[in-house]
Amino acid sequence: MLLTPRSSGLRPGAPRPRAASRRLKSALLASAVSVCLVAASAPAEPLGVGDRLFPQLGNPGYDVAAYDLSFTYSGSNSKPLQAVTTLDAWTTTTLDRINLDFARGKVESVEVNGRPATFESAGDDLVVTPETPLTAGSWTRITVRHTSDPVGPGDREGGWVRTADGLAMANQADVAHLVFPCNDHPSDKAMFTIRITAPDDYTAVANGLPTGAERAGGTTTWTYRTQHPMATELAQVSIGRSTVLHRDGPRGLPVRDVVPTKDRAVLEPWLKKTPDQITWMENKVGPYPFETYGVLMAEADTGFELETQTLSLFEKDLFTEPGYPKWYIESIMVHELSHQWFGDSVSPRVWSDLWLNEGHATWYEALYAEEKGGPTLQERMKAAYGASDRWRAAGGPPALPKPPAPGEKISIFRPNVYDGAALALFALRQEIGVKAFEQLERDWVRDHRDSTATTADFRRLAEEISGRDLGDFFQAWLYGERTPPMPGHPDWKPTPATKAPKASQVPRATKTP
């Protein structure tokens, strides 16, 4: 990206001859034209916002305010969907080109502010060149007509999930741009409108609340809108032969669950637990942060559950296979629910802050499991302490995770950011006391609602509430190669690799196979 020159370099108010002024203006105009020509002729290249774990994810130079996504589903989950993606954004600098993240689908046309624009691919970026450069601080609308392919190369999973009767989405951490063009980084949250056109015998559901359904020519177009900003990785669209079940949550909160119609009866005993689980979380950290909530039961083999905003994605088999204890299933439901506060409403500014999402979700999962007959929190944390050094060696400290393995970007979701991060929260509660810790949790989600935050923000709030300098504590627990001594539990020791805790002692991370 090249900036158009904006200053003559002369001292403001300095007198100069009129002829010199004309020559200077001509020179500046020639320079600007030259810069634009050079920018237009330079090869397109992928950009990024410099995230340590995903360096080429996201794009600089603009801030997306809203997405409008339209998908047309043919009835086959192996065929590309026709799609139109519109982004409304503010430019933060002068742009000769606009990079969007987009890597799976055919781009048919691009318009910038209603005018045709040229485009080309560079890595995982769609590089758009408008007719004229966009000045800093300008409101810009980009419209991309494209296909969205649910079938991609075998080594590139994520985005669309093919279910037994349709599609769902799983975009975390970095694959929303396999579905639609976007600024695919959680630091750039935006409002969403999502439209899905499908044959009449399908039901489509997306994030947010429904605003209407229009039938025409054997198809129905469903429209949903969010009432709070959302990161691209949290977008959800479900298309299937589904039933939407409605019930009331706390204070009349609309709760809607999406289930395969044939499994409605067998899943209902689990679904009816959601309102009480929301109340439980509200008693812990404060009011639910969004306009609706619900569970999407997908008949698919994903190997994980996912906290897509207002509509968490679950594998149906988690609820129908007999091998899982009841307390475990319910605690996993609370894990994804708690993400609505920790991760969705308060999103990580960079992916190294992932521990703030998963550590908190694991914390409330463990508290709920204890109440429902699972291991006590202290038992689980002692087991985690025994494994923590090995987790840090394999995946890095909780707030300094190792980059994903090549071709395995989901591998950032390792035990170090689940139970390893919950262990750091346990240590913090031991260090500052239960009362200060509980206030920290409530103030955190209140102060950063609908925004992004960092580990440094969490430390500052913890210090403000506790009245203590916690720099050494956070450095050791979140960035140290070895696990520090546990406050109040000098008897806790690392467990040798040959005596690793059983899987039943440290439940599986909910985003790993």
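Author: In this predicted model, R349 counts as partly exposed, with a relative accessibility of 35%.

Reader: Which residue forms a salt bridge with R349?

Author: The partner of R349 is D457, and the closest N and O atoms of this salt bridge are 3.7 Å apart. The two residues belong to distant parts of the chain, 108 residues apart, since D457 sits in helix α10 (residues 455-466) while R349 sits in the loop between β20 (346-348) and α6 (354-371).

Reader: And D457, is that buried or exposed?

Author: D457 counts as buried, because its relative accessibility is 12% and the cut-off for buried is under 20%.

Reader: How many salt bridges are there in the whole structure?

Author: A search of the whole structure gives 23 salt bridges. One of the pairs is R215 with D200, whose closest N and O atoms are 3.3 Å apart. This pair also links distant parts of the chain, with R215 in strand β13 (residues 209-216) and D200 in the loop between β11 (191-199) and β12 (203-206), 15 residues apart.

Reader: How accessible are R215 and D200?

Author: R215 is exposed, with a relative accessible area of 58%, whereas D200 is partly exposed, at 33%.

Reader: What about E330, which residue does it form a salt bridge with?

Author: E330 forms a salt bridge with K273, and the closest N and O atoms are 3.6 Å apart. Because E330 lies in helix α5 (residues 326-338) and K273 in the loop between α2 (264-271) and α3 (274-285), the pair ties together parts that are 57 residues apart in sequence. E330 itself counts as buried, at 5% relative accessibility.

Reader: Changing topic, which residues have the most contacts inside the largest nonpolar core?

Author: The largest nonpolar core has 58 residues, and those with the most contacts inside it are Y67, F71, I98, F180 and V237. Strand β1 (residues 62-72) gives the largest share of this core, with five residues.

Reader: Say more about V237, what does V237 touch?

Author: Leaving aside residues up to four places away in sequence, V237 touches F71, W160, L167, A168, M169, I194, I196, V205 and A206. Apart from this core lies another one, of 54 residues, which includes Y293, F342, A422 and W477.

Reader: Now the strands, please: how many residues of β7 are buried?

Author: Five of the five residues in strand β7 (residues 125-129) are buried, and the strand is mostly covered. D125, V127 and T129 point one way from β7, while L126 and V128 point the other way, and all of them are buried.

Reader: Which way does β3 pair with β7, parallel or antiparallel?

Author: Strand β3 (residues 98-101) pairs with β7 in the antiparallel sense, over four bridges, and within this pairing N99 has V127 of β7 as its bridge partner.

Reader: And how many bridges join β6 to β7?

Author: Strand β6 (residues 118-122) is joined to β7 by five bridges, and the two run antiparallel. Here S121 has L126 of β7 as its bridge partner.

Reader: One last thing, what does G123 do in the hairpin of β6 and β7?

Author: The hairpin has two residues between its strands, and G123 takes a positive phi near 60° there.

Technical notes:
Residues numbered from 1 in each chain as written. Predicted model: local features only at pLDDT ≥ 70, side-chain atom pairs only at ≥ 80, totals over all residues. Heavy atoms only, no water. Salt bridge = Lys/Arg side-chain N within 4 Å of Asp/Glu carboxyl O. Buried < 20%, exposed > 50% of the residue type's maximum accessible area, 1.4 Å probe, protein only. Core = buried A, V, L, I, M, F, W, Y, C linked by side-chain atoms within 4.5 Å. Contact = heavy atoms within 4.5 Å. Pairing = 2+ DSSP bridges.
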